[in-house]
Amino acid sequence: GINGILQPLESTISDAERFKLSKHLYLNCKCGSHFKFGGIVSSNDYQMTFNGIQCKKCMNQLNTLNVTSQLEQRIRSFISKYYQGIVICDDSTCGMITKQISVYGKRCLSNGCKGVMRYQYSDKELYNQLLYFDSLFDVEKNKNQSLRPLYESEDVTKPQELIKGQIDALSEQNRDNFNVCKSIVQKYLSDCGRRYVDLGSMFDFMQK
Amino acid sequence: PKKYQFRTMRTKILETADILDEQIDSFTKIIQQHYQIPSSDFNNPSIISQSEIITVGRIIPDNPQVESIQLNSSSLALETSRTLGIGKRIPLDLSNLTDYSLFPGQIVALRGKNASGDFFKINEILEIPYLGSPVSTNDELTTYYENLENDLKILCINGPYTSSKDLDFTYLENFVTKVNNEIQPHVVIMFGPFIDISHPLVSSGNLDIESPTGKKIQTLDDIFKFLVSPILKKINNKIQIILIPSLKDSISKHAAYPQDSYDKKQLQLSSTKNIKNFPNPSIFQINEILIGVSNNDIFKDLKDINKGSPAGENRFDRISNHIIQQRRFYPSFPGSKSQRKITSSNDDEDEFEFLPSSELDVPYLGLSEFNDVLPDILIIPSELRFFARVVKNTLVINPGVFMRPNSSGTLAQITIEKPKIDELTKINEDGEDLYLHDIWKRARVDIIKS
């Protein structure tokens with residue numbers, strides 16, 4: 001853990017918990033409808049068919065290129081956000097937020113503040129965001145319904161859940177489409193430094 | 001090149017700080033050597049002193065939190081390195097200066113005094129010395145001369161290659177015919193974006209494209225593979241093509257600057273020997289000519305505060321001069337920002353979406369520095385109006401965009417006379433005769449309609 005506090009292994013946390021703070025994947029339909037996509041789950045805005053995602057407003061089917069291009073644009077938007085390089089002071093009484101970085105990096109730029117600066121949009125948050133998008137198109141996770149839910153449990157507008165047999169059939173039928181979408185996320189995950197453990201810096205202490 | 005293959009999305013703040021510190025220290029050395037100033041004359045500008053001192057640092061805004069507010073002559077400060085001033089920042093008083101052009105991120109050497117402890121009053125800005133120009137030997141130049149039948153012709157083309165209303169590459173296709181039959185250049189340098197990730201159609205949900213061969217187009221990469229690659233392959237294979245990626249390109253997974261080259265295999269261009277993929281930025285040689293290219297819009301992003309003679313200069317000249325003096329393709333820091341409002345969603349989520357801008361991966365910015373010489377030609381595409389100018393004997397070119405949002409755009413055609421030894425400037429170094437390339441005297445740049 002960051003502060004020496006033991007934390008559970010990331011891989012043992014449920015997706016609902018792990019991706020709680022990730023942003024949703026929004027999709028636009030050519031009819032102008034703009035909705036959250038949460039995988040093969042029930043939604044008031046879209047439904048899954050054997051041929052992909054269907055907008056409930058106009059009953060139009062979004063083709064694969066439509067979904068992958070919007071997914072890719074959304075991913076790139078988060079990467080651009082990350083590279084804004086905004087840093088924030090961890091001292092809650094200070095509140096310094098800036099794009100300036102001192103030659104000491106972690107030193108806060110407000111006079112006399114002893115706080116530590118860190119990137120506001122962290123690489124961990126970005127990595128989790130990519131993993132969240134990856135989970136949406138993961139056939140096994142869809143089948144097991146282990147995805148992060150689209151609606152809060154107390155939300156009264158929450159639609160009735162899909163039945164297991166239906167989910168299984170839809171998952172299989174959409175496997176190819178989903179794999180194409182997943183490949184978009186994987187394209188960026190393959191370049192993501194957080195995915196690779198930096199052995200050099202982990203064992204730095206041994207060289208000293 | 002391997003150095004550009006670093007993994008993105010993992011910037012460490014301490015590594016960022018190291019680079020920012022090194023930039024100041026390396027210029028301190030350059031200034032010291034050039035002006036032959038003893039290192040004891042360099043001092044910390046943030047502490048009170050009775051006498052004039054010399055100092056080196058980075059121009060920054062005096063308030064770290066302002067970003068959107070326009071800076072002015074009374075809102076600048078200087079950041080010192082760890083060695084020179086333990087990283088202290090001190091507001092600057094410019095009132096003694098008659099001529100200046102300063103911008104955030106710029107490394108400067110100053111002579112002045114901090115009399116009260118509150119600010120450093122500048123008496124003089126010490127010019128950073130210019131890098132030398134590349135040179136060649138008689139033998140090299142003779143070979144280049146003999147190998148060329150005619151003058152050397154290079155085209156520079158900058159994306160986007162479609163209008164903002166469609167992803168139709170017909171314009172590019174027609175242009176390729178013109179390249180093959182009429183222009184017949186030796187080299188074509190093509191800058192991305194080929195498929196702009198911020199293209200309106202990419203987000204509208206109204207994208208339906210068919211490939212001419214009936215291949216199913218499922219991703220943006222497919223659009224390149226099935227629509228763009230075949231067009232590039234039509235370019236006569238005697239013409240060298242150099243592709244430089246853009247931070248806006250959907251086909252590049254390396255969405256950070258410095259940016260790794262396109263993956264030839266991914267683009268389905270493996271079979272083409274005349275197509276080369278270079279990183280962004282890069283410096284390469286065509287015959288004797290050293291060309292530096294960078295696809296990050298410094299002409300748009302660098303905003304200086306100026307007075308006196310620099311204010312009377314052409315803005316592109318001023319920025320080119322800064323690039324040349326700072327010895328790196330993107331001397332601004334922090335980088336730029338671009339965002340747009342997303343379709344209103346009736347919940348609490350993010351209202352804005354970020355668009356590709358400068359994506360600086362600061363720990364790797366060393367890769368965006370010139371080495372020990374100044375390129376003969378600098379090509380830095382910009383959204384701003386096309387231009388070709390000679391600055392400090394360097395030819396600086398912005399070819400404009402191939403397609404504007406609603407119409408065709410421009411590109412640059414560079415024609416360079418064959419190197420005639422007796423017309424070049426001869427210099428003698430360590431007993432050997434070497435020649436400056438004098439490209440600025442031999443080149444002609446035509447901005448042509450796409």
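Predicted model: local features only at pLDDT ≥ 70, side-chain atom pairs only at ≥ 80, totals over all residues.
Residues are numbered from 1 along each chain as its sequence is written, chains are lettered from A and ligands numbered from 1 in the order written, and side-chain values use heavy atoms, leaving out hydrogens and water.

**Chain B: strand S8**

Select residues 152–158 of chain B, strand S8. Strands are DSSP runs of E, at least two residues; helices are runs of H or I, at least four; both are numbered from the N terminus. Six of the seven residues in S8(B) are buried (under 20% relative accessible area, 1.4 Å probe, protein chains only).

Strands pair if DSSP finds at least two bridges between them. Leu155(B) stands opposite Val188(B) here.

Move to chain A, with its seven helices and seven strands. Buried residues make up 51% of its 208 residues.

Select H2(A), residues 64–82, and H3(A), residues 123–136. Their axes (lines fitted to C-alpha atoms over the stretch in contact) lie 10 Å apart, at about 175°. The two helices are therefore roughly antiparallel (over 145 degrees, on a 0 to 180 scale between N-to-C directions).

Zoom in on the contact (heavy atoms within 4.5 Å). Residues there include Phe78(A) from H2(A) and Leu130(A) from H3(A).

Key
Parallel < 35°, antiparallel > 145°, perpendicular 65-115°, else oblique. Buried < 20%, exposed > 50% of the residue type's maximum accessible area, 1.4 Å probe, protein only.
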